[in-house]
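Hi everyone, thanks for making time.

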Amino acid sequence: MDGWQNARPRSGAFPFRGAAATLNRMIGFRILKKSKRSRARLGVLTTPHGEVETPTLVPVGTLAAVKAMRSDEVAATRTQMIIANTYHLHLMPGEKVVKAAGGLQKFMNWPRPMMTDSGGFQVFSLGFGRDLGVGKVAKHFVNKIEQAVERGDQPKSLRITDDGVRFISPLTGDELFLGPKESVRIQEALGADIMFAFDECTPPRVSREYMKKSLARTHAWAKRCLEARRTSQALYGIVQGSLYENLRKESARFVNGLPFDGFGIGGDLGDAQGGRGSSGKGDQGVGTKKILEWTLPLLDERKPRHLLGIGYLEDIETIVKQGIDTFDCTVPTHYARRGIAFTSAGRLDLGKAAFLNDRKPLDPKCGCLTCAEYTRSYVAHLVRAKEITAATLITFHNLHYFNSYVEGVRNKIRKGLL
RNA sequence: GUGCCUAUAGUGUAACGGUUAGCACUAGGGUCUGUGGCACCCUCGGUUCGGGUUCAAAUCCCGAUAGGCACC
């Protein structure tokens, strides 16, 4: 776990074909077992900061912190890798500070594998997403987004061009330009093991016409990210294409043709749960599962695949069975700060007064520190009193719970059950 | 003891004599998927009590009760 020596992959650990794939990259990916029942794979991702058993959940630590957690606490939840954010860290404290501190891992005392997201998601989340108050799995206001995009409107606080995106922070007024080169420069300064290409994350249910234009941009940026790269950090390319089969496949083929070290699947992934389309205009049946069915078989199976931003418990087996190796999701941490614990009995909203008199642990079947040492009663009190310790205790439990769940999924693959 | 003022949902407040008595917080229920410790949606819940005036009273009048202030 400690640094380069131990983590340096043994010779032959790189299954990549050809020079382009292995080109001095400091990560490796080894598939231990391929399921016979599905496309699921069990693997090991090797990085300069240690190994990651896959499939694995990658908790989100946007600002070089998993919110409410110390880094050692994150490790105690059996989290193996986390992902921080280029856009946010550029604004605060700035990548120079992080670099001067010795890179993200030293800066935040997380001597383990890390990714940085490129800022591409913020093109959406701080753009149309913010304007209309929707997430990327939006089921509401979709028509408004469609109309705005059709009119050729730009979001209120950013401008998208073929070169990149000019962000104007409505909070600070700060302006910054982020394009492929800028994103890679920042990510290199941050120094995570794995970087993502700068992409345009499109709003939910964009038109085919807009998606085509956007895809051309994202693909051009993908090339420029590769050209801009100067370090041996790994770089993943991102497959876009929204809910359109031919565009998703085109994107997968394109990205697969470039010397990326791995892949991200991003953008509108439809209804992650079932695949019942919800926009009511011809995309019925297009869900995350479908999109992964279209795209993953087109990607070099020897490279790791990361699903961007999906991960309710109910989604995990579905995406893993399609061949996803890693996935990041805010759900366990985000919900924790709203007082919601995920348990073997479903979601518990600890904000409810009924829990004040419940002396059981959050989940009697859970072995985490929160469940071993604290009651629902106490946690409910903390939530209602808005004590920050509530966020700490529930985040710890949720991460531990999700990680245990994913460990169970890995065991199923190992045993040939999934 | 006397005088004056006040009384609307659990709390804080709004309502020319004509509104379905409005709002905020709280409470109860819900939403949240490459992170704003946000935010949003729904619901429950009220004119202190007793008389009177009026077609019509939270609103005007009289009393009771409670609180505040001042004076003795």
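**A quick tour**

Let's start with a loop: K386 sits between α17 (376-384) and α18. K386 isn't a glycine, yet its phi is positive, about 60°. Just so we're clear, this is a predicted model.

Why does K386 count as exposed? Because it has 10 C-beta neighbours inside 10 Å, and 12 or fewer is the cut-off for exposed.

There's another one like that. R78, also not a glycine, has a positive phi of about 70°, and you'll find R78 in the loop between α3 (71-76) and β5 (82-85). R78 is partly exposed, with 17 other C-beta atoms within 10 Å. For background, most residues other than glycine have a negative phi, and most peptide bonds are trans.

On to the cis bonds, then. T54 and P55 are joined by a cis peptide bond, with omega about 0°, and P55 lies in the loop between β3 (50-54) and β4 (56-59). M92 and P93 are joined by a cis bond too, omega about 5°; P93 is in the loop between α4 (86-91) and α5 (95-100).

Now the RNA. How many residues surround RNA strand B? There are 47, and the closest are G135, C201, G309, T330 and T333. That surface divides into 19 nonpolar, 16 polar and twelve charged residues. Elements supplying at least two residues each include α15 (331-336) and α18 (388-414).

Last, a sheet: three strands, open, antiparallel, ordered β7-β8-β9. Its edges are β7 (158-160) and β9 (175-178). β8 and β9 pair over four bridges, and I168 stands opposite E175 in β9.

Technical notes
Residues numbered from 1 in each chain as written. Chains lettered and ligands numbered in written order. Predicted model: local features only at pLDDT ≥ 70, side-chain atom pairs only at ≥ 80, totals over all residues. Pairing = 2+ DSSP bridges. Near = placed C-beta within 6 Å. Nonpolar A, V, L, I, M, F, W, Y, C, P; charged D, E, K, R; others polar. Buried ≥ 20, exposed ≤ 12 C-beta atoms within 10 Å, placed from the backbone.
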